Amino acid sequence: MASPSEGIRDWFVLAIESAISNRYGESGLDRQQIINSISTPKKEFGDLSSSVAIRISKGLKRKPDEIAAEIADGIAVSGMIKEVKAFGGYINATVDEVEYSKWVIEAVLREGDRYGSCSIGSGKKVLVEFPAVNPNKPWHIGHLRNALLGDSISNILEFCSYKVEREDYIDDLGIQMAEIVWGYQSVEKADKSKKFDHWIGEQYVRINRRMESEEGAKEKISEVSKRMEMSGTEESRLARDLSMNCAMAQYETAYSYGIYHDVMIWESDIVHAKLLERALGVGMEMGALNKPSVGKNAGCIVFNLDSVRSFAREFENPNEHEKVIMRSDGTATYVAKDLAFHMWKLGILDAKFEYKEVLLQKNGKTLYSTADSGRELDFGHADTVVNIIGSAQKYPQLILKAVLSLAGYSEAANRIVHVAYGEVSVDSGSLSGRSGGWIGEGKSYTADVLLEEAKKKAEEATEKSKKIEDRKLVAAISTEVGRAAIKFEYLKVSPEKPVIFSWSTALNFEGNSGPYCMYSYARAGRILKKGGYGYGKLEAGDYAAVGRGYDFELIKLMGSAGDAIRKAAEEYATNVIADYVINLTSIFSKFYESTPVIGSKEQPFRMELVHAYMITLSNMLRLLGIKTVEEM
RNA sequence: GGGCAUGUGGCGUAAUUUGGAUAGCGCAUCGGGCUUCGGACCCGAGGGUUGCGGGUUCAAAUCCCGUCAUGCCCGCCA
């Protein structure tokens, strides 16, 4: 269903459209242009505004003011819009605050925790892949950006009626894992006091140092890598075991942040399913890939870049002609594996993966994993594939799409979305797993340590507030507050912006922050509690208590919650939600300061308004993965 | 060499896709506000040639051209 603000806007658009055609006949404007002309102006101008008059004034060779006035005259006010007038070339409309408040508040209370949702997804399946961390290190603050984006984008899509599958790709056959397997006999004994991912991450850094100094290490690792791909070898078992241990330790981190997956897809299972051979077969057959017998890439399977120059500007470099997909020794490059995997994701190739249950997660859903034996389940063949991957990988993502297009699957290629996010770095440089940049000095830059720090800070704040006696409650609340602080700081910035991490920014509890939003919710709840809120239905007459102050500002913004969610879903942008929440909570703070609820003669209406606010706010925060608490 | 991304008050960011009224918000700074629903708050002040230079337009942070800075990508690495 349309959100209240959409309803009003649609009405305004149609009214303008017919007023224009009645007065001037064909204006040359299409409906989309009228929609684009509409904005929400400063409140002294009204609630809705359109600049169409300025736009068509030139064609009509008349002053914008006059045209705006004529259009405004041609619009008959209805129940919801009480005034339309022209000013400075703009056509400004004022909604009837009583009617509109009734509409919004009733919609919020009726829809409850579904308020703001929409049906644009219409049950289509979206496969969201995140966070793609190699299973040889803990999540650092950069991986966390990926995970939080993936989780929140999944929430948003789900709320828009997409069927979302949260998938984690486990690269247990990658070069990084081969290096670990190669160096494994020389590493320290497992330190049981450390989380496995932290321990193995440290070992990986040591192994890397050894690799650099040791003669012939590269060749040996390549040998290990080949044996890892074969079933039944010692190397393949070790790689899988270590990866699983590490992945499980990483999931501990994920769960501590409230992030869940539906299925783990293992690279080794993709290899065993022979997806790669089939994918390359299709590519060759369709002429997208070929195997040159002469030249520098003789014996490889390559993708001809000359044929896709116009596909994207990235391919404009005339010095590049071929992209190697399969090496002359028969091993696959990253792009080859990704191609095969995506053909499965999109339902182009069908693989009979077997799945086993890994564990029942706290969100009530079972985590599944591909396995050598198990049962067949309905994962994959998605309508849309969303890949949360750093912007450094734009080029290979484009190659992937280009190959698919050339192989005759351009429609499928268009169903792949790359959410490219900017890198997270620290002052001291990169967070690379190889060099151990994530270990840092003093505090490590892991997601685990970050959450610990946030909890600590939240605990101090919670204790200072002295509202809560129960120690256990303090701990539980601090966990939520700490999580919220981190999540909000990550999700409020546009994904593509690079981020330089700083502890004080990540742990912000004031102003535009997660804790601020939660605090606002807790205060609102206190009003209802103290005021003896009875969840009674308002009489129609009660809405007459709405004013033109912050109460109506709140209602207007609440009415547009659905617009924000839809925009966030269409753009895969969490910051749209965060921005909305900042505006909403900030208006509520002003309302709270200026407008007494309990004991006022408008109490019934204002209580209901506060209730509707809490519903709207918690729905929005939930999309960011933030849980509200009653007190903090 | 080719390409991509980013650049907005001291710092961090919103608005850029779809041009529109005084560029919104937070931190920091300065000055105010708790005998009324929770001060993780609110009110006020100062602080901006939206990297720079052109162009298009009645109107440019937004579109176009050029340019600078930073980061990334362009491998039989992943």
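This is a predicted model: local features need pLDDT of at least 70, side-chain atom pairs count only at pLDDT 80 or more; totals for chains, interfaces and linings use all residues.
**Figure 1. Chain A as a whole.** The secondary structure of chain A comprises 22 helices and 16 strands. The radius of gyration is 28 Å, close to the 26 Å that the globule rule gives for 632 residues, so chain A is as compact as a globular protein of that length. Its C-alpha trace spans about 80 × 70 × 45 Å along the principal axes. Buried residues make up 46% of the 632 residues. Among contacts in chain A with a separation of 6 or more, 73% join residues 24 or more positions apart.

**Figure 2. The domains of chain A.** The domain assignment gives domain 1 (4-95), domain 2 (125-268 + 352-382) and domain 3 (447-623). The centres of domain 1 and domain 2, taken over C-alpha atoms, are separated by 55 Å.

**Figure 3. The surface near RNA strand B.** By type, the surface holds 32 nonpolar, 26 polar and 24 charged residues.

**Figure 4. The largest nonpolar core.** This core has 185 residues. Those with the most contacts inside it are Ile16, Ile71, Ile156, Val403, Ile577 and Tyr613. Helix H22 (residues 603-623) gives the most to the core, with 12 residues. Leaving aside residues up to four places away in sequence, Val403 touches Gly283, Ala288, Leu289, Phe303 and Leu339.

Figure 5. Eight of the 10 residues of helix H19 (residues 550-559) are buried, so the helix is largely enclosed by the rest of the structure. The buried residues are Asp551, Phe552, Leu554, Ile555, Lys556, Leu557, Met558 and Gly559.

**Figure 6. Lysine 537 in its loop.** Lysine 537 sits in the loop between H18 and H19. Lysine 537 counts as exposed because it has 11 C-beta neighbours inside 10 Å, and the cut-off for exposed is 12 or fewer. Methionine 211 is 326 residues from lysine 537 along the chain. The C-alpha atoms of these two residues are separated by 71 Å.

**Figure 7. A cis peptide bond at proline 131.** Most peptide bonds are trans. Phenylalanine 130 and proline 131, however, are joined by a cis peptide bond, with omega about -5°. Proline 131 belongs to the loop between strand E5 (125-129) and helix H6 (141-159).

Figure 8. Most residues other than glycine have a negative phi. Serine 122 has a positive phi, near 40°. Serine 122 lies in the loop between H5 and E5. Its 11 C-beta neighbours inside 10 Å make it count as exposed. Histidine 381 also has a positive phi, about 30°, although it is not a glycine. Histidine 381 is in the loop between strand E12 (366-371) and strand E13 (384-390). With 14 other C-beta atoms within 10 Å, histidine 381 is partly exposed.

Definitions and conventions:
Residues are numbered from 1 along each chain as its sequence is written. Chains are lettered from A and ligands numbered from 1 in the order in which they are written. A nonpolar core is a set of buried Ala, Val, Leu, Ile, Met, Phe, Trp, Tyr and Cys residues joined through C-beta atoms within 7 Å. A residue is buried if 20 or more other C-beta atoms lie within 10 Å of its own, exposed if 12 or fewer, and partly exposed in between; C-beta atoms are placed from the backbone. Helices (H or I, at least four residues) and strands (E, at least two) are DSSP runs, numbered from the N terminus. Two residues are in contact if their C-beta atoms, placed from the backbone, lie within 7 Å. Ala, Val, Leu, Ile, Met, Phe, Trp, Tyr, Cys and Pro count as nonpolar, Asp, Glu, Lys and Arg as charged, and the others, Gly among them, as polar. The radius of gyration is taken over C-alpha atoms; the globule rule is 2.2 Å times the number of residues to the power 0.38. Domain bounds come from an automatic or database domain assignment.
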